[in-house]
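Me: Hi! Could you walk me through this one?
Reply: Happy to, here it comes.

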Amino acid sequence: MASSICLCLLRAVFLVCFVNPLIQGLSGDVNLVQDPRHRLEKNLTGLSIVTFDWHHVQTPYLVITWVFVAGLAKLSVIELNHHVISVVPESGLLIILGFILGGIVWGADKAQTFKLLPPTFFYYLLPQIILDASYFMPNKLFFSNLGSILIYAIFGTCWNAATVGLSLWGCYEAGVMGNLDIGLLQFLLFGSLIAAVDPVAVIAVFEEVHVNEVLFILVFGESLLNDGVTVVLYNVFDAFVALGGPRIDAEEIFKGIFSFVVVAFGGSFLGVVFAVLLSLLTRCTKHIQIIEAGFVFVVGYLAYLTADMLSLSAILSVTFCGICCQKYVNANMDEKSVTTVRHAMKVLANGSETMIFVFLGITAIDTEIWVWNTGFILLTLLFVFIYRIIGVFLLTWMLNKFRLVPIEVIDQVVMSYGGLRGAVAYGLAAMLDKDKIPEKNLIISTTLIVVYFTVILQGITMKPLVQWLKVKRAAHSDLKLIEKLNNRAFDHILAAVEDICGRIGDNWWTRGWNRFEENYISWLLMKPKARKNRDYLFSIFHKLNLEDAVNYVSEGERQGSLAFIRSDEVANVDFKKQFGSEFTDVMPDIMVNMSNYELGIENFSVTSIVKDTIPSVSLDIHGKDRKNAADDINAHHLLQQHLYRSRKNHRHKFSRSHFSINQSEDEVQEIFQRTMRSRLESFKSAKMGVNPAKKITKHHKKDLTHKVKDFHDASFTWIAQLYPTHSSLPWLMETDAVAPSQRAQWRLPWTPNRLRRLAPMRVSTCSTDSFLMADLEEHEEKPQTDHEEEM
Amino acid sequence: MGSTSSTLLKIPNVEVLMQETGFSPAHIIRLHDRFKALDKEGRGHLCPQDFGAIKELAMNPIGDRIIGAFFSPGKETVDFHTFVKILAHFRPVDKDRPKEPNSPEPINSRSNKLKFAFQLYDQDKDGKISRDELLKVLRSMLGMQVTEEQLESIADRTIQEADLDRDEAISFEEFRKSLEKVNIDHKMSIRFLR
């Protein structure tokens, strides 16, 4: 709390001290020549060692200062939310902070010098947010609900625009609003710009309220796709207002409707074209991978600008660019580039969103724009709210007749309450032409009030509303152990059965598309290497091996490699804890992949691996010290902590600030390892009819490799059965793809017992590398023949 | 839609199936599509590897047990009827079902759902969940941080809580009794199979 207050005060002081001279500098000395070379020509009386030169850096300096201020604002808001109860959503707090900042600037200058100008908003702040949203869009979910999303986006927005506009006009004719210089067309124009649900606001508020994924994708998808409608409606009515009432006839109306088709589909198509371009680009960057990440942003921005230039829907263009290129770009690019892009995208989007909300607040503190007409404003708020509810319920009622999974009433309530308006509406309002629309300021004021109302008030009450609506369960009495266990088991069972049933539609169309996409589109847009590694199961296998290796190393380093040499006992690596005793022999073949130790490491990035998790491998150096047979184990506590969570408890995938995927990654890793191991085990024992040897190191090394090879045969054939269509299994290729078992053949992985050899090295004071080198020598004689046989 | 009725006709004994399970034609068709999608080689029945190909199941701690539940003991394949019948367990309970005295209990009744769950624990099908079976389930559902001793103590306490006749095992009746407060309909039903 103290820190956030300090930050706020600091910023206020900074601004007051800094902004004042800034503004004074702005107003005076306008005639100074801007050319840097003429810097010294003004009234030279002697050599000035240092000069204060504001004008040359003015524009970039102001821009960067505001970015900096916005960042500070976000920081203090987050701190506030951590130390004080988070009731107000971040966006609301940012707006309020904007008010304060606006007040400071106003106080210094008596005029609002820093406003949110529409060009700034539309060209510099909005594109990256949309790109971020579409790049991380869960595609499967999106496309399976696309029908509903389109219905809400198109018909919902049209309904909102029409009803709000007409109702307001009706009320105006009835005289409730007093004397205004407005006609029906202008009301309709206003209706169209206030009708659209705003993606920025939706993300900002829904991120903190964890609703189920279908509901989220419906609202979110609608907010993205309704831009097509909004742009058309706005332009159409703007043109109509310019034309004037009498000139509008059926022809113009048809042109309006036709323009919707062109704008929406044209924008989407353009987005797809840019996505293809981007995928092809990333496909060709084999030798210069450092600029790949840049291409994503550049091409995305180009998509936006091109669509805007052609007066198509720019948001739709960027949306489809991001949605379509996701898969190929992620497959083609280097892992480091992928991480870079993801991080940078989040940074930019976060920053833009912060700036948008702060400026939305600042813009309010400006006496020039405020026109208060109680009737107009209150009626607008009322109508916007009511017609949203009516619209959603009507459309859902119709949709539920066709959907396989009906949308429940609670979801509908949340959806209608989540119809937030945001900066896009304000931007459109600010772009209105004052000559044609004399009441522009009234419209701006109303729009701002609607935005504040929805973002702040509805944002605050969204979370309590969601919780209140869901509370219908009986009181949470003390559950017995068996109830807790079974509750979790049921979750898992449900998740599994849902997967078996295929939650997402699995009909002829999706299968046909998948086949088409696999054969033709991937061939065109993906790198050949990426295509081979596309095998999902294998790639997870590969990633888990990498993670295991890294965890192994980091754990070893953390415990201090010196710990290896200091103990007289054998370094007792307690794999049992990780794998269970019956699996220790199976373990080295699959899990411990020491490719990390190789000096020419291929393209995996260690940075992509989360390191601050509980290490999956525990090096139990001093086994005796691990006496943890505590007698009073709280079984309840244990269950609470350690039961695996099922997918259902991790519904909300999209987030502004994080991009972890559904379950906690180490849990997934553990479960997956176990399942794969037990499957391989059962297959092995079924086919080979023999249990693997308990202690591998007792065998001579030749026998060991032989046994390892047999095991690999078995594992290969089992996995080959899973994928009969693959003519060549990915790990039989001699590519860079890591084939853990193959590697294990010509260099044995580090088994627990081999670590004994580290003990004699106690005299060495070198780093770990020396241990490695020592061990490497033993394996110089690679069993090449075995290796070639396998191929 | 013309395709609806023609697809329905292709499935043998569809009327009987619909009556037994209570699925609507739309659901049967959807499940049939899914069945065909899983049955990649078009053999008309599924084997364990087909289930194994579902990637999400590998990330489910009891995924393999559930796969096993589809295969009756001794059989290596699942045909469409069995597939649908097993999935019928997860249909939400019909609240307004008229209570005819002589008709058999529907597959998705509360007690049948519980029986399905019971069978997942009771692998040797002796009607009781023994301590070992419980240990196995716990092991698969708990993270790696839990040691063997902790596991055993949890299992012991669980049996203690639920076991009423002191035979060191949990019978179906005891199982059902211990879960009477749980809303089984909500926990073991999938919405879209309504």
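**A chat about the two chains**

Me: Where is the place of A:Asp53?
Reply: A:Asp53 sits in the loop between α1 (2–27) and α2 (54–83) of chain A. Helices here are DSSP runs of H or I with at least four residues, strands are runs of E with at least two, and both are numbered from the N terminus. A word on the source: this is a predicted model, where local features need pLDDT of at least 70 and side-chain atom pairs count only at pLDDT 80 or more, while totals for chains, interfaces and linings use all residues. Residues are numbered from 1 along each chain as its sequence is written, chains are lettered from A and ligands numbered from 1 in the order in which they are written, and side-chain values use heavy atoms, with hydrogens and water left out.

Me: Is A:Asp53 buried or exposed?
Reply: A:Asp53 is buried, because its relative accessible area is 17%. Buried means under 20% relative accessible area, exposed means over 50%, and partly exposed is in between (1.4 Å probe, protein chains only).

Me: And what does the side chain of A:Asp53 make a polar contact with?
Reply: With the side chain of A:His56, at 2.7 Å. A polar contact is a pair of N or O atoms within 3.5 Å; within protein, one must be able to donate a hydrogen and the other to accept it, and residues adjacent in sequence count only if both atoms are side-chain atoms.

Me: Switching to helix α15 of chain A: why is it largely enclosed?
Reply: Because 7 of the 9 residues of α15 (residues 409–417) are buried, the rest of the structure largely encloses this helix. Among the buried ones are A:Ile410, A:Val414 and A:Tyr417.

Me: What do the buried residues of α15(A) pack against?
Reply: They pack against α6 (146–173), α8 (199–206), α9, α14 (374–399) and α17 (440–470) of chain A.

Me: Which helix holds A:Leu233?
Reply: A:Leu233 lies in α9 of chain A, residues 213–243. Beyond its neighbours within four places in sequence, A:Leu233 is in contact (heavy atoms within 4.5 Å) with A:Ala161 and A:Ser192. A:Leu233 is also buried, at 16% relative accessible area.

Me: Now chain B. How many helices and strands are there?
Reply: Chain B has 11 helices and 2 strands. Of its 194 residues, 52% are buried.

Me: What does UniProt list for chain B?
Reply: An unreviewed UniProt entry lists "domain: EF-hand" for residues 109–144 and 150–185. UniProt positions are given in the numbering used here, feature names are shortened, and annotations may be inferred rather than shown by experiment. Residues 109–144 are 64% helix and 6% strand, while residues 150–185 are 61% helix and 6% strand.

Me: Where does B:Ile159 lie?
Reply: In helix α9 of chain B, residues 148–162. B:Ile159 is buried, with a relative accessible area of 4%. B:Ile159 and B:Ile170 are 11 residues apart in sequence, with 6.8 Å from C-alpha to C-alpha.

Me: Last topic: how many residues of the two chains are in contact?
Reply: 67 residues of chain B are in contact with 64 residues of chain A. Across that interface the rule finds 3 residue pairs in polar contact, both residues at pLDDT 80 or more.
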